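User: Hey, I've got a structure to go through and I'm new to this. Can you walk me through it?

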Amino acid sequence: MAKAIDRTFRSLRGLEKTASTSRVLNLAALGIRNADVAEHQKLPFFIASSLNGAVIIRHRLRGREMEAFDRHRFSATKLIIPFSRSDLGLGGRSIFVGERGWTDVLDELRGEAPDLPRDIAAMEAIDELPSLDPFLLREHMKRRGFSISPSHFEISAADLVRMQRFVGTEITKLIDLAYRDHHGGTEANTARLVEALLSSQMDARLEPLRLTLRLTPENYKEGIFAWKGFLYYKWVLNSLWPDIREVFAELSKVRVVGAVDAATLRELDETKMRLRSKMERQVKTVMGHLSVYDEIFAQLTSHGNAIAFRDFLLKSPEMFLSLGEGCGLISHISTYWRYQFSTGMPLHADAIQLIDILQDFEASLGTIEEYVDT
């Protein structure tokens, strides 16, 4: 038990500088970072101030954790209320959204705050998503009717660093178009503008870009946010492709160890085939959305069609949701597969373990297809 607690505390301490990733929403860090931002305080994520210092994690359920739920599920949303927002290593109290009695525990953790139903609804909305990445989460919460400050949806510092070079390559042509009358070399301009574009704050250096895109000041934040979202998802998929290819290759190679009957082997083969088909369809859907973006962006940089690009960005929330959900699922499958089957280790598992993994993947893909269609 002591070792388990120690691992939990070390894990929380490692999240102290994280804002948002596909698996973590660190409201504690965001609260400290935006302590002087009036809108952050005026439009909080939750009504209860205690919840606005929480760390929320997409968690793969293990062993007995699954028994806490009335329905069978493989992953859940974990809410952690740290004992200290400035030192997560001290640990905290936690609950899973949807586990038996979770609303009573949430009510206790909230203290005397009003409007419990609103905070329950917000947690349930978060739990609907396969991923906590900031762009998907922002659009989803807005669609669900929650007014939350954009400062709650920042890209993590680590992700910002990794995105810099990729985004610079993507937007060089547009920078040349928007800043051709400005002094300074292209390379210097690109570095500064990528930094400004990926920042959570609106930057005066992007004013020529606003004029090029013909965005009104009122639509500026929404348009830039949408653009960052498409760049973010392109970067995510670009980073995931090697892992996705490995999953496809290893899916057919993984073998069962131990005694297994012929019916179970047939079920496994059929599940693999269905899963591969669904994964291919999901990848095709995501690539289709990005192809539309690429085509519109090419019209802007090659033909100066700023109006089409502007209209695309401002009318893209539905595509955003589908794109974000697809990326979240692909990321979940590739990262959890690698967690189960480390590179260089034998590709084998017992029948029950393998069926659970494959059915988890298949169920998540099916759920999202139904959700997007509604």
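Predicted model: local features only at pLDDT ≥ 70, side-chain atom pairs only at ≥ 80, totals over all residues.

User: Okay, what's the strand order in the open sheet?

Analyst: The open sheet has four strands in the order β1-β2-β3-β4, and the pairing is antiparallel.

User: Let's look at β2. How many bridges does it share with β1?

Analyst: Three bridges, with β1 and β2 (residues 55-60) pairing in the antiparallel sense. If you want a spot to look at, find V24, which stands opposite I57 in β2.

User: What about the β3 side, how many bridges there?

Analyst: Six bridges join β2 to β3 (residues 75-82), and those two strands run antiparallel as well. I57 turns up again here, standing opposite K78 in β3.

User: Is β2 mostly covered or exposed?

Analyst: Mostly covered: six of its six residues are buried. "Buried" here means under 20% relative accessible area.

User: Which residues sit on each face of β2?

Analyst: One side has V55, I57 and H59, while the other has I56, R58 and R60. Both faces are covered, with all of these residues buried.

User: Switching topic. How many cavities of 30 Å³ or more are there?

Analyst: The structure holds one cavity of that size. The largest cavity has a volume of about 50 Å³.

User: Which residues line the largest cavity?

Analyst: The lining is made up of I244, F248, M279, Q282, V283, I330, I333 and L365. The elements giving two or more residues to this lining are α10 (217-251), α11 (262-303) and α13 (317-340).

User: Which element gives the most?

Analyst: That's α11, with three residues in the lining of the largest cavity.

User: Last one: how does the lining split by class?

Analyst: The lining of the largest cavity has seven nonpolar residues, one polar and no charged ones.

Key. Residues numbered from 1 in each chain as written. Heavy atoms only, no water. Pairing = 2+ DSSP bridges. 1 Å grid on protein atoms, 1.4 Å probe; cavity = no way out; pocket = protein on both sides within 12 Å on 5 of 7 lines; lining within 4 Å. Points joined across faces, edges and corners; volume = space filled by probe spheres on them. Nonpolar A, V, L, I, M, F, W, Y, C, P; charged D, E, K, R; others polar. Buried < 20%, exposed > 50% of the residue type's maximum accessible area, 1.4 Å probe, protein only.
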